[in-house]
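Please have the sequence and the 3D view open as you go.

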Amino acid sequence: MGGHIQKTGGRWRIDYRDGQGRRHRATFDTKKEADNSLTDIKSRIGKGEYVASKLLPKFRELAEDWFRSKGDRRPGTVGNWRAQIDLHLNPKLGDLRLDRIDVALVEKLRDELRAKLSAKSVNAVLTTAAAIFKLAVRRKLATGNPAADAERAFMGGTELKDEATREQRGDGVQPLRPEEVLDPNEIRKVLEKAEPGY
């Protein structure tokens, strides 16, 4: 693969052919930017990792390809993935080309989702995004997986004190009442009656 840089109208243009022989051009403000870009492109073409930006799909297109391949999964799981894609991923990432999505953008999405979803739900959405990007990496449409690299939402332990706390969290976990917990004498009686090997 060849390639050259030339100055045109006050800007620097790179002109090169990709691994399939298609011609591409891009312009830059400085010669150094153009040179760095051309060097990077040549390296990626040599490794078979290069796809011209204009040929990269948008996130929603790849998400649909990924989703179509999951039709043999349990209906509940498929329904969850559909909801995660439609309600959380596509509204923020759907119209972006894959090369426009980085870790910072995924972590911004995580923070926005954290304002309305539990940490567990946010992390499930990020796991789905990571699976979609894994398909992009396999197809050589991306060299990395920003959704897998993004830090997950913190799921810290909390102490449940009363019914009001459970309702505030809205997670369905109920605190134990003292009468529901065996005292030491009751535990001893259970152990005495247990069959050997229990």
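In which helix does L191 lie? L191 lies in helix α8, residues 184-193; helices here are DSSP runs of H or I with at least four residues, numbered from the N terminus. This is a predicted model, in which local features need pLDDT of at least 70 and side-chain atom pairs count only at pLDDT 80 or more, while totals for chains, interfaces and linings use all residues. Residues are numbered from 1 along each chain as its sequence is written, and side-chain values use heavy atoms, leaving out hydrogens and water.

- L191 is exposed, with a relative accessible area of 61%; exposed means over 50%, buried under 20% and partly exposed in between, with a 1.4 Å probe and protein chains only.

**Aromatic pairs**
- The structure holds 2 aromatic pairs, meaning rings of Phe, Tyr and Trp (its six-membered ring) with centres within 6.5 Å; planes under 30 degrees apart are stacked, over 60 edge-to-face and the rest tilted.
- F59 and F133 make a tilted pair, 6.0 Å centre to centre with 40 degrees between the planes.
- F59 is in helix α2 (residues 59-68) and F133 in helix α5 (residues 119-138), so this pair ties together parts 74 residues apart in sequence.
- F59 and F133 are both buried.
- W66 and W81 pair edge-to-face, at 5.1 Å centre to centre and 65 degrees between the planes.
- Because W66 lies in helix α2 and W81 in helix α3, their pair ties together parts 15 residues apart in sequence.
- W66 is buried at 5% relative accessibility, and W81 is also buried, at 18%.

**A charge over a ring**
- R82 lies over the face of F67, 4.3 Å from the ring centre; this requires NZ of Lys or CZ of Arg within 6 Å of the ring centre and within 35 degrees of the ring normal.

- D86 is found in helix α3 (residues 75-93) and is partly exposed at 39% relative accessible area.
- K54 sits in the loop between α1 (31-47) and α2 and is exposed at 61% relative accessibility.

Notes:
Helix = DSSP H or I, 4+ residues; strand = E, 2+ residues; numbered from the N terminus.
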